[in-house]
2 protein chains.
Amino acid sequence: MVGISATVADFVHAPPAMPDAVILAGRRSLINMVGTAIGGSGEAAIDKLAALLPAFSGPPTNTLIGRPERADMLWAAYINAASANIFDYDDTHIPTVIHPSAPVGPAVLALAETLASEGRPVDGRALIEAFVLGAEVTCRLGNALHPVHYARGWHITSTCGVFGAAMAAGRLLGLSPSQLVDALGHALAQGAGSVETLGTMSKSLSVGQAARGGLMAALLAADGYTGPEEPLEGKRGFLALHSDTPDYAAITGELGSRWEILNNTFKPYPCGVVLNPVIEACLALHAKGGFSTTDIMSVELTGHPLLRQRTDRPGVTSGRLAQVSAQHAVAVSLVHGRADLAAFSDKAVADTETRALGDKLTFRDDPTYALDSVQIRLLMTDGREILNVITAAKGGLGDPLSDTDLAEKFRDQIAWRRVLLDGDELIATLEELDHAIDGAVFLRKTQPAIFRE
Amino acid sequence: MVGISATVADFVHAPPAMPDAVILAGRRSLINMVGTAIGGSGEAAIDKLAALLPAFSGPPTNTLIGRPERADMLWAAYINAASANIFDYDDTHIPTVIHPSAPVGPAVLALAETLASEGRPVDGRALIEAFVLGAEVTCRLGNALHPVHYARGWHITSTCGVFGAAMAAGRLLGLSPSQLVDALGHALAQGAGSVETLGTMSKSLSVGQAARGGLMAALLAADGYTGPEEPLEGKRGFLALHSDTPDYAAITGELGSRWEILNNTFKPYPCGVVLNPVIEACLALHAKGGFSTTDIMSVELTGHPLLRQRTDRPGVTSGRLAQVSAQHAVAVSLVHGRADLAAFSDKAVADTETRALGDKLTFRDDPTYALDSVQIRLLMTDGREILNVITAAKGGLGDPLSDTDLAEKFRDQIAWRRVLLDGDELIATLEELDHAIDGAVFLRKTQPAIFRE
């Protein structure tokens, strides 16, 4: 279909007025993203990326969320995106399971911080709007390719996110429609990401690259760096590359009246979102009690086929892999009654009882199940059957995290990171973001001066 | 097939002795690459990338071939790769039409330059060997996916080249086999590239990114940054992502006895390699004379379907696009009897007579034609037919460029770039590369101190 790239560019160039609910959803997504970036910023993979900075970063003009170093704008976008997504604890666009904020948010924030340092601060409302536009493009591309794209093995957060980051940054830079098309072309040239890397440090490279690549795409387009005319719909463009039957209407339909950010959700647990109902089912069984986990003969999960496809990972050997392993999630929440960051650490994975129970898991596919629902069936050695059914897990669209939940999650991230940061002040600042004169000024407050032992 | 990533890693870790012909082919590929990097280094797209350096490069430790600036190691790999490939005048691996040197060579050279500055110079032989290994992996991945991969729309030079760059850099860093597998995973996370971007500035981003990403993959792997266990053959790894029927044996078969660098060729003309026989046919007709191009009613090209698929681009509007346009190549070589860099400039594309003749081109697919053969048929207004058939174009495997041709091409690049460089001295140094104590020391000589007006 001709004109998709141009339509997207026109939309980003001159978007319709955004309803209050959209601005609110954008702000909540950013708050959640900043929180998960703090929580993830101390991981070994992030340390190793930050170790590249002395040799490979330009002047340290920008904030690394949750870290003591500073970096140039491109590296700040890269590392903040990697931090935000490393635990897969960031947000989730329900129809596609994209994490839109990790690639888009850090690109917008880094650019806004740089613009402010050049005397051109971006107000909070404009920053949120640019972010929402980037998330919109990311998620609509995902809608057009889902579910073929992810099933083939593409890490949809990165492959679609690079376009959203480009559009969000392009919006802040005031690019013309044709420059925005150029930026889409540069995103096409740079976008990558493989499901095979999930659960390993490699994953963070594609997420970081999506944020940096999108930002760089917009910067280059602003300088007259030109690209193809139809990067999305062209014969060998993004959509054709990734699906034989892309749903073009998913990109352009109801543009400006339907907002995908309203389908964005926040996780109560630091794992793949499809594990939410699984964990909730297990935590409820644990809380109820009346059985010993050592007497479990087998565990059967019934859910949408995607649940199995994305989380059937027995015998995982790291906390990172555990976050996308139903075997670990079921076992740790049944045995220990917890599903926080500590429950998905390398240490938790090494626990013998947890490992033994995980080995007893089987899946039953049922496409009639929604993604936020699941049935768990424990078969006990004495012949008993223990059943639990979750029809709308917390954190899904049917039961979203409240602002209080979000604030609690934010404070948990600071605690996990073991840094001295004033969480209450940060949250208060972020909750007023749409009224800020400089939307990026809060970033300084995410950078701890002192690290706890 | 299990074990492909491990097999590749073992091969790179402990390769068999390389025959002299392989070393020679590696050296010739590097000479050609350095030449095309000089020739391409003054393009507007490269200027715009270099304009990012003050804000986004670390300390300027490394050489940008053909340019006055210096940059950090990652940017040097990036920009030198972009320069080397920007005119598509670099080398061509015949079975796949991959340009292996652009992603691999600059990564190796930048790393060797950095190691030398740290008191660990890489001798010329080791540098060539690392390069050959990287090219080998790049081309074997291409063989496994060809022709589905490119036909789908993936820019195979970048998508496969990032793995080669990672292996070449990993070799120089002395990575262990398991670290080399990690590096393959990081390459998987970063590799991108779309055919839709060819002929535009966007293209250079994926080529630069392939060199930089591969180098970064190796650096991170050396620091214990870990990745998936089967990045190539995994269920959602590189091969599965890009083909339903990858040819696994193409990667591991005759490893160490068959060398793909021996299938690498150098272009006599600055365009897509499939245009070589087309241009040769036209130049010969022009030289022979006996007709006026204004009397041509139609031009019919008969060749392998890939010729049409890659070069059927009527009405191109830039020199860059002209390089992959049969319409322009045929017209400019028939009308003006030339096919040098000037013939594929923006200025040449604007020529009215050339444009008019290009519009008269038609294609006839014949899969029995080899890629370096073509038939051209001119139908004249007076009813005459003028025919020419090329069965093995210069620059193909059947008629490779001689060392003298390569030196001439090298000097032409310097002339086109309009910089003061001692071409003879550079060529002489490069021809002795396998005996150099520091294989990267020549890089300084590629950096002109004074630019001509």
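I looked up the area buried between domain 1 and domain 2 of chain A: about 1400 Å², with carbon and sulfur atoms giving 62%. Buried area is the accessible area (1.4 Å probe) that two parts lose on being put together, summed over both. In domain 1 of chain A, A:Val97, A:Gly199 and A:Trp416 lose the most area to domain 2 of chain A, together 33% of what that side buries.

I note that this is a predicted model, in which local features need pLDDT of at least 70, side-chain atom pairs count only at pLDDT 80 or more, and totals for chains, interfaces and linings use all residues. Residues are numbered from 1 along each chain as its sequence is written, chains are lettered from A and ligands numbered from 1 in the order in which they are written, and side-chain values use heavy atoms, with hydrogens and water left out.

I checked the bounds: domain 1 of chain A covers 4-266 + 401-446, and domain 2 covers 273-390. Such bounds come from an automatic or database domain assignment. The centres of the two domains, taken over C-alpha atoms, are 31 Å apart. I found 17 residues of domain 1 of chain A in contact (heavy atoms within 4.5 Å) with 13 residues of domain 2 of chain A.

Next I turned to chain B. The axes of helix H6 (residues 101-117) and helix H11 (residues 202-222) of chain B come within 8 Å and cross at roughly 45°. H6(B) is therefore oblique to H11(B), as angles under 35 degrees count as roughly parallel, over 145 as roughly antiparallel, 65 to 115 as roughly perpendicular and the rest as oblique. Helices here are DSSP runs (H or I, at least four residues), numbered from the N terminus. Axes are lines fitted to C-alpha atoms, for helices over the stretch in contact, and angles run from 0 to 180 degrees between N-to-C directions.

Conventions: Helix = DSSP H or I, 4+ residues; strand = E, 2+ residues; numbered from the N terminus.
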